[in-house]
Number of protein chains: 2
Amino acid sequence: MLDVRRLALLAAVVDTGSMTAAAEQLGYTASAVSQQLRRLEVEAGQPLLHRQARGVRPTEAGAVLAGHARQILRRLSAAEADLAELAGLRRGTIALGVFPTVASALLPEVVSRFRRQYPDLRLDVRSTRFDELVELLENGTVGIALLWDYAWNRVDVEDISLTPLLDDPTVLIVAADHRLARKRFTTMSELADEDWIVRAHDHPVAEVLERSCRAAGFTPKIAFEANDYQEAQAMVSVGLGVALAPRTAVRNPNPDVRVLALGTDVPARRVLLAHRQDRLRAPAELAMHQLLVDVAREYQTRV
Amino acid sequence: MLDVRRLALLAAVVDTGSMTAAAEQLGYTASAVSQQLRRLEVEAGQPLLHRQARGVRPTEAGAVLAGHARQILRRLSAAEADLAELAGLRRGTIALGVFPTVASALLPEVVSRFRRQYPDLRLDVRSTRFDELVELLENGTVGIALLWDYAWNRVDVEDISLTPLLDDPTVLIVAADHRLARKRFTTMSELADEDWIVRAHDHPVAEVLERSCRAAGFTPKIAFEANDYQEAQAMVSVGLGVALAPRTAVRNPNPDVRVLALGTDVPARRVLLAHRQDRLRAPAELAMHQLLVDVAREYQTRV
DNA sequence: GATACCCATGAAGCAGTGCTTCACGCTCAA
DNA sequence: TTGAGCGTGAAGCACTGCTTCATGGGTATC
């Protein structure tokens with residue numbers, strides 16, 4: 001393969017008409033240019049320059065080669081420009097993985113701000129469940145994923161770097177006509193006699209309920225297993241029971257339910273920003289990372 | 001400037017989907033490929049590959065860069081192909097400088113044979129006088145020039161390499177009704193009383209006459225100074241005198257003159273092939289060089 | 001579920017190469 | 001004649017790109 005740096009030298013020499021001028025332009029000594037061009041001629045198997053008293057002139061082969069060299073240099077510049085665009089966030093794609101509750105709470109703000117700030121970047125958002133998020137992250141389908149955990153079961157995945165974004169306290173959902181509906185705050189010990197709505201499929205919030213009730217000295221009576229928090233709220237609203245939920249899951253509650261704070265003795269969910277532990281991260285990823293941190297901080301203080 | 005060899009590696013890795021495969025394909029170790037790609041990522045300022053359990057996958061930047069790399073490699077191949085075409089005489093130009101007498105004698109055969117043998121090469125022929133030929137040669141306008149000299153005034157130009165092509169003996173031209181017209185051969189001593197036609201402008205053939213006459217013990221009487229050998233023959237044909245000429249100059253003599261050999265005591269013109277003393281010569285030049293040597297040898301033996 | 005293979009990676013070391021410095025010869029212009 | 005501009009060459013130095021050897025994670029195979 002012809003040496004492209006030598007081709008670049010040739011092009012410069014042909015353009016300037018002199019080795020010395022080309023050397024100066026490119027920051028070399030004239031000797032270096034002379035030696036490299038000599039080598040290029042050997043590679044090419046034919047003379048590329050006519051040496052004259054005042055500078056040099058390309059031979060036919062030299063002119064042909066210099067033409068190709070210019071094309072190649074153009075391409076190289078284009079490649080570098082593309083990299084700069086990707087780095088400068090004037091181009092590129094960021095894929096973000098989220099889970100449903102945070103998606104509805106945080107994402108609208110994130111997306112609109114991202115669109116405003118980086119109008120040329122493409123944003124792909126995927127909402128799915130925890131274990132698939134980790135998989136997407138690991139195989140590179142998404143660059144950043146939002147995860148969550150509880151104190152007794154911290155996320156710990158090899159080569160995944162985590163940044164806590166939010167503390168998402170657990171709240172109580174009761175029907176609008178529930179005896180506690182007028183209160184803004186209660187404790188688990190007030191709830192020993194309630195019927196409970198939980199998430200189905202061993203959802204972690206079930207464990208929150210378990211632990212909180214045990215700490216308060218009772219065992220919850222399970223009345224219904226809901227598939228998501230919308231369903232849970234619906235059941236609560238018709239008086240089937242009360243439910244626990246992360247606060248972000250009930251940002252826009254069903255009008256027939258009320259949300260009560262429970263204090264710090266009930267475990268809070270932690271929302272995390274996760275990304276692969278690369279030496280280098282794609283610039284668009286870094287941008288999204290920062291944006292998420294900002295939005296989460298504002299969200300946290302706003303509530 | 002991005003390193004093109006690394007780009008080539010990237011393209012190969014992206015194509016094969018694995019560093020090991022790319023390494024094997026290109027004759028490197030996997031370690032070398034890994035190290036170079038790591039460097040390329042640093043140069044690019046962003047990750048180019050997602051490392052997976054089974055091989056690697058390009059990131060967005062990696063895919064973009066690999067695309068450019070493929071274009072650049074294509075160009076490089078094209079450049080090499082062009083060089084090969086020039087070297088393989090399937091393309092190119094050869095410029096040849098000649099002087100009039102040899103042009104009419106040797107060139108028809110040279111041109112027709114060159115056209116047949118190298119139909120894709122372009123042939124430029126320039127016919128001019130000696131000193132301009134040397135200049136054309138030195139500034140590269142022609143790659144090969146035919147020159148001539150006599151024993152007492154050998155061509156010796158710095159950096160010009162010479163190959164003798166022909167010995168071009170001096171012949172005598174007499175009118176068809178001249179007393180010697182029936183002979184095929186004579187000597188200078190027979191010609192002491194003749195009137196002489198010479199070339200004007202101190203043409204070297206005048207010196208041939210001078211020296212030959214002096215050697216034969218007489219001083220020539222100059223009757224006319226001709227501007228070229230056609231004119232000289234015309235003057236001879238009407239009986240104005242006799243003339244000396246290189247044999248190649250009278251290959252197709254005026255029908256009213258006769259040409260006589262003079263033997264070796266009259267100086268012969270030497271026809272030379274001249275080219276710049278390059279380490280490397282353009283392939284088309286080499287081809288023309290060989291062709292001229294061949295044609296000259298045949299011409300020499302044929303006469 | 002244990003084992004062997006595949007793949008990427010890292011450290012150490014060696015050879016080639018690309019550069020600089022210094023010196024020289026040539027040509028052209030003052 | 002001299003000096004500036006240009007190309008070239010020898011010597012030497014530092015870098016870099018490669019290899020070898022060793023390691024660790026992940027997958028497929030039995």
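This briefing covers a chain contact, a DNA-facing surface and one tryptophan. The model is predicted: local features need pLDDT of at least 70, side-chain atom pairs count only at pLDDT 80 or more, and totals for chains, interfaces and linings use all residues. Residues are numbered from 1 along each chain as its sequence is written, while chains are lettered from A and ligands numbered from 1 in the order in which they are written.

**Contact between chains A and B**
- Chain B and chain A each bring 37 residues to the contact (C-beta atoms, placed from the backbone, within 7 Å).
- On the side of chain B that touches chain A, two or more residues come from each of α3 (30–44) and α4 (60–87) of chain B.
- The largest share of that side, 16 residues, is supplied by α4(B).
- By class, that side of chain B has 18 nonpolar, 11 polar and 8 charged residues.

**Surface near DNA strand C**
- Around DNA strand C there are 21 residues, of which A:Ala32, A:Ala53, B:Met19, B:Thr20 and B:Ser31 come nearest; a residue is near if its C-beta atom, placed from the backbone, lies within 6 Å.
- The most residues of this surface, 5, come from α3(A).
- The surface near DNA strand C divides into 6 nonpolar, 9 polar and 6 charged residues.

**B:Trp148**
- B:Trp148 belongs to strand β5 (residues 144–149) of chain B; strands are DSSP runs (E, at least two residues).
- B:Trp148 is buried (20 or more other C-beta atoms within 10 Å, placed from the backbone), because 20 lie within that distance.
- Beyond neighbours within four places in sequence, B:Trp148 is in contact with B:Phe99, B:Arg269, B:Arg270, B:Val271 and B:Leu272.

Conventions
Helices (H or I, at least four residues) and strands (E, at least two) are DSSP runs, numbered from the N terminus. A residue is buried if 20 or more other C-beta atoms lie within 10 Å of its own, exposed if 12 or fewer, and partly exposed in between; C-beta atoms are placed from the backbone. Two residues are in contact if their C-beta atoms, placed from the backbone, lie within 7 Å. Ala, Val, Leu, Ile, Met, Phe, Trp, Tyr, Cys and Pro count as nonpolar, Asp, Glu, Lys and Arg as charged, and the others, Gly among them, as polar.
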